[in-house]
Structures are given as structure tokens and as C-alpha cells.
Amino acid sequence: LWWRLDRALDDDSCRSSAEVCLVAAIRAGTTTIIDHHAAPSALAGSLDVIQDAVQEAGVRASLCYEVTDRNGPEEAAAGIVESVRFLKKTQEAADPMLHSMFGLHAAMTLSEDTLAKSVAAVKEAGLSNVGYHIHVAEGAADEADSEAKYSERVVARLHRHGMTGENSIFAHCIHIDEAERELIAETGTIVVHNPSSNMNNAVGVADVGALLDAGVLVGLGTDGNDFGTCSRSTSSRMSSTSSPRPIPACSAVRLPSFCSRTTPRSCLVSSSRRLVSCPLARPATSSSWTISPRPRSTPATCLGTRCLGSTRPWSRPLSPRAAC
């Protein structure tokens with residue numbers, strides 16, 4: 001369904017889709033959007049269309065295009081070109097209201113050649129501090145595909161290509177194992193938990209508690225189903241772990257919220273968007289924004305605060321709490 005909707009988008013529907021999501025975000029008090037965008041039939045320049053809508057709305061945004069091999073190598077190459085073009089544009093502009101990442105769909109729809117060319121294109125363009133935004137182990141098939149084709153799991157494969165790190169977002173991470181979780185923690189890679197989407201698609205639930213215990217920065221997102229995200233983050237954990245102990249409410253509320261789609265599935269125009277809203281983010285006085293994970297030494301019920309500098313432009317500092 002989603003891939004067919006993506007292919008149906010043209011420039012006008014891309015803009016309308018963005019505008020619908022932006023209105024919903026602003027009404028909810030969201031001032032920062034992360035957009036993981038796909039429009040194969042309107043690929044070239046599509047990020048400029050989204051940029052225009054975002055700037056007219058007056059919010060901050062981090063945009064990217066979804067590179068994938070699912071429509072063939074030529075379209076994958078075009079996606080790389082669009083991604084690098086827009087990355088160069090935003091880095092040269094140095095606009096504190098606009099940021100970009102390198103978007104990729106999922107490991108199971110990305111060949112070794114495309115992953116290598118993506119990283120090489122970023123290096124050849126002389127781009128710095130580039131983060132990669134990709135769906136990771138959302139379904140068990142992603143891990144099975146990686147092990148069958150490459151004899152390694154998804155996170156290890158992406159790490160081998162240089163796509164982990166503090167600027168990167170790995171969405172979902174439902175079916176990762178302990179070794180992958182530790183690798184994510186060691187590299188400082190961000191994980192985004194999308195409980196509503198995961199329950200809607202019946203793909204399982206990420207072990208958020210284990211990720212937090214490992215010191216991973218975990219955000220709350222939607223990936224297409226944005227109703228009751230905070231409450232579902234607690235109930236989905238109870239379901240996945242067969243435990244009556246949910247994520248503490250204070251921790252669920254204070255998870256940085258940025259992810260993949262904020263649009264309701266009932267809206268066919270906007271449902272193909274990959275917007276991530278960040279209700280905890282507010283405009284800062286400079287382009288330096290911070291995100292606050294829970295250090296390993298703090299209690300599991302308190303996320304704590306640690307400044308990660310200006311390379312992660314989508315959240316504000318969260319004050320530590322002595323007790324939640």
C-alpha cells in the first residue's frame with residue numbers, strides 16, 4: 001500500500017501532504033519536524049517542495065529523501081543524487097531553521113552497492129556531520145534477509161558501511177539482538193520507538209527498557225499512526241515483555257519525540273509522508289540544540305540530561321529530575 005501511495009505523489013500532492021501534516025503539527029504545538037520523504041514519480045527537486053511548505057509554515061525541519069533499490073538501481077542512483085544535492089544546499093545555507101539527513105528505506109531494500117555509493121557520495125561531496133535516517137529491523141524479515149544474503153545482522157551491516165553514529169536515526173529496532181543493541185549504544189546512534197505504528201502493523205515492539213538500560217538515546221515517534229503515542233509506548237512495552245511494569249510515565253513523556261510519520265492513515269494524501277514531530281522541541285536562541293538521554297549511572301525512572309552539542313538540531317535540553 002505505502003509504496004503504491006508513494007509512487008502516486010507528484011509535486012502538488014507532495015506539497016499538500018506536507019501542508020496537512022504541518023497544520024496538524026502546529027496545532028499540537030510542535031515546532032520541529034523530521035521528514036523521511038519518498039516520491040519516486042516526483043523525485044528530483046521534491047525536497048525543495050517540502051522545504052517551501054515548511055518555511056511558509058515557519059517551523060524548523062530536518063528533511064531527507066528515502067533512497068531504496070525497490071524500484072531499481074537507476075531510481076536508487078537518482079535518490080542518492082537528490083539527497084546529496086539537498087544536503088549540500090542546506091549545509092551551504094547554514095539556516096538554523098533547516099537541516100537535512102541522508103534517508104534510506106530499510107536494509108532489506110538496499111543492496112551493498114547502493115549502501116556503498118551512498119556513503120561514497122557524501123564523502124565525495126565534502127559533506128560533514130551527515131546523519132543517516134533508516135528503518136531498522138522493523139520486521140523479522142529485515143534481519144532474516146540480512147543474515148541470508150550477507151551473513152550478518154542489520155545493525156552490523158549498517159555499521160560496516162559507516163552509517164551508525166550520533167547524527168543517525170535508526171527507526172524501530174524491534175528485532176535487534178543484544179549485540180546490536182550494544183553496538184547502537186557504543187556508537188551513540190539514536191533509536192526511535194513507534195508503538196502505534198508497530199501495533200497497527202503487528203510487527204512486534206521494541207524493548208525500550210533494554211535500550212535505555214544500555215544507554216541508548218530513545219525517541220518517541222509515529223511512523224504513520226500518531227494517536228496516543230505516549231500512552232501506547234507504555235502499554236506496548238507491557239505487551240511485548242509480558243510484564244505488568246510499563247515504562248514509567250515520566251520517562252515516556254520525556255522521551256524526545258521525533259520519528260517517521262505523523263499523519264493519520266485515514267488521510268490518503270498525507271499518509272505517504274514520513275514526518276516526525278517533536279513536541280518537546282522549541283525554538284532555541286541559536287542553532288545549537290541539545291538532546292538529553294539517560295546516562296547509565298542514573299535511575300531507570302529518570303532520563304537525566306547530557307548536552308550533545310549542535311550536531312543534532314531537533315530538540316531542546318530537558319532538565320534532570322531528582323525523582324520522577
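**Close-up 1. A polar contact joins the side chains of lysine 89 and glutamine 51 at 2.8 Å.** In this predicted model, lysine 89 is found in helix 4, which covers residues 73–93. When residues up to four places away in sequence are not counted, lysine 89 touches Asp48 and Gln51, the latter being the partner in the 2.8 Å polar contact between side chains.

**Close-up 2. Asparagine 129, a residue other than glycine with a positive phi.** The phi of asparagine 129 is near 55 degrees, and the residue is placed in the loop that runs between helix 5 (112–124) and strand 5 (132–136).

**Close-up 3. Alanine 202, which has a positive phi although it is not a glycine.** Alanine 202 lies in the loop between helix 9 (195–201) and helix 10 (208–213), and its phi is about 55 degrees. With a relative accessible area of 69%, alanine 202 is exposed, because the exposed class takes in residues over 50%.

Key:
Residues numbered from 1 in each chain as written. Predicted model: local features only at pLDDT ≥ 70, side-chain atom pairs only at ≥ 80, totals over all residues. Heavy atoms only, no water. Helix = DSSP H or I, 4+ residues; strand = E, 2+ residues; numbered from the N terminus. Buried < 20%, exposed > 50% of the residue type's maximum accessible area, 1.4 Å probe, protein only. Contact = heavy atoms within 4.5 Å. Polar contact = N/O pair within 3.5 Å; in protein donor to acceptor, adjacent residues only side chain to side chain.
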